[in-house]
Each structure stands twice: as structure tokens, then as C-alpha cells.
Amino acid sequence: MKKPMLFLMVLLPFWAQSQVPTVTRSTEIAEMVDQVNVSNLKNYMESLVSFGTRHTLSDDQPNRGIEAARQYTLGLFRQFAENSDGRLCAEIDYYTEKADGRRVDRDIRTGNVMATIKGSDPTDDRVFLVSAHIDTRVSDVMNRNSDSPGANDDGSGVVAVLEMARILSQKSFSATIVFALVSGEEQGLLGADYLAKKAKAENWNLVAMLNNDMIGNSASNGTEIRDNTRLRVFSEGIPMVETEQMEAIRKATNGENDSKSRQLARYIKDVGERYVDQLEIKLVYRNDRFMRGGDHTPFSRQGFTAIRLCEYNENYYQQHQDLRTEGGAKYGDVATHIDYEYLRKNTAVNVAVLANLASAPSIPQNVSLDLSPKAVAIENINHTLLKWNAPENGTATGYYVLMRETSAAMWEKKFYTSERSIRLPYSKDNYFFAVQSVGESGCESLAVFPQPIR
Ligand SMILES: [Zn+2]
């Protein structure tokens, strides 16, 4: 089987090797995306803000405080579970957060609300994690008593994650999808840090983590901009955790713009824009906003691939503010400011990306750029020879080989092959390359930046 195919590759002109199937929307994923429902998002939001405050240190009360909100979201997840043919399960993962002399002034029992769609393939241990933070704050980060609706920060992320769980739990995926509503973000990324360390300690095969934090506001304060057509994806360039070998390869290949998190960001732009209309996804080349962090950061610190999705414009009258009117201006993160059409689109991006990732085979293994004497012989030197192995999970019916100029943000050219190598008449000096596995459903894996081999 293999030999005749190689023979074909030699004989056929280059263009015939790369009949690119145009990437179209999968009907199944498009249907899931269409199910994101504004009324649901509104209803969840109304309930969420009705708990008064969701401050991490707030007292347990039946209808007020973070624990009541955790119970509400757990109840919703369990409701979705009932319609999931046993695929979805949910629980609160409680733990004790010790007083730290900073933003936690006493030992508290806290926890993350977790829901899981177990993958259908028992041999596939991949996990895709999506998160939002359930806790809120006002002007004083230690104020646990005042009303703190946190509609946008991060009620928007929470209701989005709930709606994703509702929709995705109706379907079966070979890989596992985990939904996390974490506590303690405002007190120092505590719930996410706990979860990231747990994932590391338990050796999860956590392939990608998507943090949704503030995705429902479309109005910027100060500049009078209202724009619900752009969403930011923050991703680290140089990984926070690198072995000496990873660092050496990154420097040798100039791979500083091709970290796994940056590949995930490109994937989100590619797949998100494929399924969601009237939305431009903007890659921001930093881990988070200037000098700030979010719940993906503890995951990056544990060496996981993690990004943050965030609205394009922020309104600081509505962020971390006591509810008040001052000098004619209204302050506070109330639900009336949410742009639900924008929130719908941003939720839909997550649905499309998670469904695509969890339906696709895993990444191709050992993706390498051949620098052997034959590959760099004079007749081959201006070509690029890439090789790889089949993915560990799922079946690849083919592979996309991606190419872009070194100064381009996004992949510009895509070649399809059913082989596990390709020889391209483009110089490795002038372009960057990567390879994705493509499954039978047409869904593609994350892209892998090649390592040089001699
Ligand atoms: Zn936040």
C-alpha cells in the first residue's frame, strides 16, 4: 500500500498531491452552534445575580452568597445530565483554602463546580477543559457583604459554560470535555490554581484549557465604542514552563510565535470564525491583558496549553465597582449591561471549538522537519520535507500541512495529504509549517510545529 503511494507522489505534479478539501462547516457542529440560546443565557444570568454577592468569602445562606450560587449551577448541570444518556455528571469539588494573610483572611471551605462529559472511547484519555469563575467582587476585594452581581465578570463566562454543557452533553465525543466554574479568582486565582495542580498531580492528559472571563460586554467606557463583532484570545508566546531542551529548540527554530497556546489561539480563530458569523476573533500576543492574569495562568504555570477568551472592549465603570451613582455616572457590574447577542456569539465560539477538538483525532506524533543530508542536498535544499506519525487517539484519514510566511499571524496555505510525509516546493527558510490530523468527520486536531531532525 505504502510503496505505490510514494511512487504516485514522485510522479504526480505537486498540485495533484494537494487537492485541498475546502474546509466547510460540519452539519452536526453547525447545529450545536445554532442551539446557543439567548433566553437560556438570560435566565441563568437572572438567577445568578439574584444571589446578591458571590464573593468567595461570603457567608453560606440559603439564597445569598457564593455557596448558594454553586448549588444553583450544580442543580442546572444535574438537570442537563438527566437528558444526556448518562454522559454528563456533575459535582462540587470542595477543598479548604487556608488563610494567606492577603486576600483570604480565614480558612474557608471553598470549591469548584465541575461537570464532565466522559469521552465515548475508553482508550482516549484526552481532556478539554473550559472554565469561568463564579466568584465576584466590588471595589474593596475583601468586601464580602455588599451586593456584587458580577454579571459580566464573570457571570457572562458562567452562563456561557452552562449553556455549552447543556448543548454538548446531548452529543457523544471520543475525548472528555470538562466544564469548571471555579471560585476564588478575585482572591488570587485560587480555584483555578487548585484545579491546575490537581490536573498535574493526577496526570490528566489535558490537551487544551479555555478560560472565559468577561465575554458579555460590548461597550467601552471613555471612548464611546460599542462593538459586538470582535472577541480577544490571549495566548502566551514563550511558554511559562520550558525544559532546557524545549528552550533550545524554540531558539533554534525561532518558534517563539508557535507555542502550543498560540496554536490553540489560531485554532480558535479558524474554527470560531468558520461557525460563528459576524464575529472577528483577534489574537492578542500576550498571556493576558497588560500586567494582569486570569484563570488560564495557573494552567500555563503547570505547563498546560491554556488561553483566555475576553471581550474586545472593557468598561471599567462596571468592573470591580461598588453599586452606586457618583457624579452622574452609574457604577456596577449589573445584568442590564450585558449584550446577549454578543454573549451568544462568544458562547457559540466555545461550542464550535470544543466540539471540533473533541471530535478530531489527536495531534500527529513526532512531527519533524527533515534536515538529513539527503533532505538538504542541493536538489532538495529549497524544498521542505516534513514527516510525522499517526495520532495516538482516533484515526486520521489525512493531514493538513499548514504554511505561513514568518511575519504572518495566521496560517496562509493548507495542503492535504493522506500520507505521513510531504515534500513542499517552498523553502523552510522563508516559511513556518505545522501539521494537523484530520478525522473522518472532517474535524482537525490542533496544529503541531515541527522539530528539526537530522
Ligand atoms: Zn474575572
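## About the model

This is a predicted model, in which local features need pLDDT of at least 70 and side-chain atom pairs count only at pLDDT 80 or more, while totals for chains, interfaces and linings use all residues. Residues are numbered from 1 along each chain as its sequence is written, and side-chain values use heavy atoms, with hydrogens and water left out.

## The zinc site

Let us start with the metal. His133 (NE2), Asp153 (OD), Asp213 (OD) and Asp213 (OD) coordinate the zinc ion at 2.0 to 2.6 Å. Donors here are N, O and S atoms within 2.8 Å of the metal (3.2 Å for Na, K and Ca); water is not among the atoms, so sites may look incomplete. Along the sequence, the donor residues follow the spacing H-x19-D-x59-D. Asp153 belongs to helix H6 (residues 151-168) and Asp213 to the loop between strand E5 (205-212) and strand E6 (230-234), so this pair ties together parts that are 60 residues apart in sequence. Helices (H or I, at least four residues) and strands (E, at least two) are DSSP runs, numbered from the N terminus.

The angles among the four donor atoms run from 53 to 148°, and the site is irregular. Four donors count as tetrahedral if all angles lie between 85 and 135 degrees; four count as square planar and six as octahedral if opposite donors are over 155 degrees apart and all others between 65 and 115; anything else is irregular. Asp153 and Asp213 are both buried (under 20% relative accessible area, with exposed over 50% and partly exposed in between; 1.4 Å probe, protein chains only).

## Two open sheets

Eight strands make up an open sheet with mixed pairing, in the order E1-E2-E4-E3-E5-E8-E6-E7. At its edges are strand E1 (88-97) and strand E7 (280-284), each pairing on one side only. Two strands pair if DSSP finds at least two bridges between them. Within this sheet, E3 and E5 are parallel and share six bridges; Val130 has Leu210 in E5 as its bridge partner.

Another open sheet has four strands in the order E15-E12-E11-E17, again with mixed pairing. Strand E15 (421-424) and strand E17 (451-453) each have a single partner strand, so one side of each is left without a neighbour in the sheet. Strands E11 (residues 365-370) and E12 (residues 384-389) run antiparallel, joined by three bridges, and Leu369 stands opposite Leu386 in E12.

## Pocket and cavities

The largest pocket has a volume of about 1,200 Å³. Its lining counts 44 residues, with Met246, Lys260, Thr305, Ile363 and Val448 nearest the centre. Helix H8 (244-253) is among the elements that give two or more residues to this lining, and H8 contributes the largest share, five residues. On a 1 Å grid over the protein atoms alone, a pocket is an open set of points with protein on both sides within 12 Å along at least five of seven lines; a cavity is a set where a 1.4 Å probe fits but cannot get out, and lining residues have an atom within 4 Å of a point.

There are two cavities of 30 Å³ or more, and the largest cavity has a volume of about 50 Å³. Grid points are joined across faces, edges and corners, and a volume is the space filled by probe spheres set on the points.

## A residue in helix H3

Val33 sits in helix H3 (residues 27-34) and is buried, with a relative accessible area of 5%. Val33 and Pro62 are 29 residues apart in sequence and 35 Å apart in space, C-alpha to C-alpha.
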